[in-house]
Amino acid sequence: MNDTVSINVINNMLSESTTIHWHGIHPFETPWTDGTLGVTQAGIRPGENFTYSFRAWPEGTHYWHSHMDGMQSAKGMRGPFIVKPKQVPGWMPKYDDERVIVLADEWRDPSVCLKLEGAMAGNDVCSDIDYASINGQVAWGDVQKKPSLKQYPYPLVDVEKGKCYRMRFIMMASNAENYIVSIAGHDMTLVALDGVNVRPLQITSINMHIGERADVIVCANQKPGYYSMEMKYDYACALTPGHFIPPGFHPVSSCRFYGFLHYANEKEGPFHYGPPTSPKGTGGGANPNPVSGVPFDLTNPGDWNKTQPVYPHPEPAVPDQQYTISLGLQGELYKNPTDEPLTKGRWYMDVDGRRETWKKPTTPALHTKNKCGSSGSPILDIPENASSIEIVLNNLSPTAHNIHLHGLLFQVINVANYEWCNVNKTACFLMPVQLNPCPKEDRVRAGKHDPIMGIEDLYWGCAYNATKHKATQNLETPLRKDSFQLWQRSWAVLRIHAWAPGIWQFHCHMEQHIPLGMIMALNVLPSQQPPIPIEVPTEGPCPGNFVGSAGQEGVSKSTLLEENKNLEMRIADLEKQLKEKSGVQCGEQ
């Protein structure tokens, strides 16, 4: 922790730009290294490179991934990023070693399945999930047709008998919203969430949502063998074979996926036990002992109080500033074959009443301190004299959203408890705004639509009502996170300490919602935002707040325009050379 990290990203792709975001890292001294397209930088173009240099802070289990339109990350441009403290705190349960466990979903072609809501109801292109993976290796489903397990075996997490391990789980999926993770025969002790240390809690399972991380201590204290590690995608279980598949949905091959905790360096073979050929374990894992503890699942409101940060940060009764942010669908929907992709049925995440979908700023917003080129995108200017910021999130849609904040942590002080719309109530998805258990005074439509019953009537939420709901808030020991799931038709209340100068994106982390605009950003302390180094990729017509390598005055608008013109001429020349070269090669054949 606190080391300076320098990572040179070289873009060897042929036709796509890229950026890299450091998920969970807070680059408060160098906000231009957050890696957010259109906010902190322009894309790194093919054939070019950029060096991200930032402080490795805070400690914890984090990860890195492309932050373009979500497709590059879904294709595998992602990986763990672990920041360790100089010494393990004394309260931490003892462990001997660590294991990083990356949970994800895998797609043959993410551009087909995710970019145009292909895996969403109503656009019946792909299943909600095809394949799950552990550390990049396919974790086969219980009812999934499998190839030869000798050629494609189950993924393994190796341990040695008698040792305890800090297992750092990272949920890097693209479309699969969550996995409920459990390990047969082994108790788990939860010690950290999203890099924040929490009071140790013995658990039997943990629900991991996209963008979340969790550290658990697991001791290899059972008989040697292979013990099943289950990942249950509970949302998809109603779509498995044998169930009725509603119109607009696509069946999934499985909702339970498996890897194995493997006791390494033990006797295996015909006279002992061997690798598993089904979700059932072998050796000691064939008959595992029962586990003890409690399930931990933050989609259940009560679980937010099962543990707390080791060092709580109490919140004031009244924040300095309060905003209500709505998440919903902005009409109109696709109707004609000539409708341009990504222009209709866009999501928004914006201050209530405005409801603008995200459009990439023409010039990165941080480069102008949000004074030019924002393209009307929802960037919220936080008053500089406000420290404690309260944000009420109202989800005005029938789908849950996995929310992530860059550059800062938030404290979740309150969440809705709508039993009629929890994960097991699939009927909630099809409830129209006119008929449902939500009190009429709390029903809010996602947009202004015709009163005729139609798909638009399914986009509404049961909004936060302070008079009714404030009594359940937790101001003393709220959990601090940077990622969490917001239930469908539901709400949550967050507190943010706006201390880090920068423009920090705040968005849904489901990859198919990113290109459709479920994004906003917070502009924090613009007067303290440092000048942008000249090396940072930029674009667009606006003059930026730049300094050169030696600290000289920044680049003017005219200089940037001239540079863009020269680059366009260079690209045209290269295209001409490539065309001429292709013609020669064709003639030689």
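Trainee: Is C508 buried or exposed, and at what relative accessibility?

Mentor: Keep in mind that we're looking at a predicted model. Buried here means under 20% relative accessible area. C508 falls below that cut-off, so it counts as buried, at a relative accessibility of 0%.

Trainee: Which cysteine sulfur is nearest to that of C508, and how far away is it?

Mentor: A disulfide needs two cysteine sulfur atoms within 2.5 Å. C508 is in no disulfide, and its nearest cysteine sulfur sits 16 Å away, in C421.

Trainee: Then what is C421 joined to?

Mentor: C421 is buried at 1% relative accessible area. Its link has -70° about the S-S bond, which makes it left-handed. The S to S distance is 1.7 Å, and the partner is C428.

Trainee: How many residues apart in sequence are the parts that C372 and C542 tie together?

Mentor: Their sulfur atoms are 2.0 Å apart, so by the 2.5 Å cut-off they form a disulfide. C372 sits in the loop between α3 and β21, while C542 is in the loop between β32 and β33. That's why the pair ties together parts separated in sequence by 170 residues.

Trainee: Is the disulfide of C438 and C462 left-handed or right-handed?

Mentor: Both cysteines are buried, and the S to S distance is 2.1 Å. The torsion about the S-S bond is about 85°, so this disulfide is right-handed.

Trainee: Switching to the sheet, which are the edge strands?

Mentor: The open sheet has 6 strands with mixed pairing, in the order β20-β19-β22-β29-β24-β27. An edge strand here pairs on one side only, and that picks out β20 (346–351) and β27 (479–481).

Notes:
Residues numbered from 1 in each chain as written. Predicted model: local features only at pLDDT ≥ 70, side-chain atom pairs only at ≥ 80, totals over all residues. Heavy atoms only, no water. Pairing = 2+ DSSP bridges. Helix = DSSP H or I, 4+ residues; strand = E, 2+ residues; numbered from the N terminus. Buried < 20%, exposed > 50% of the residue type's maximum accessible area, 1.4 Å probe, protein only.
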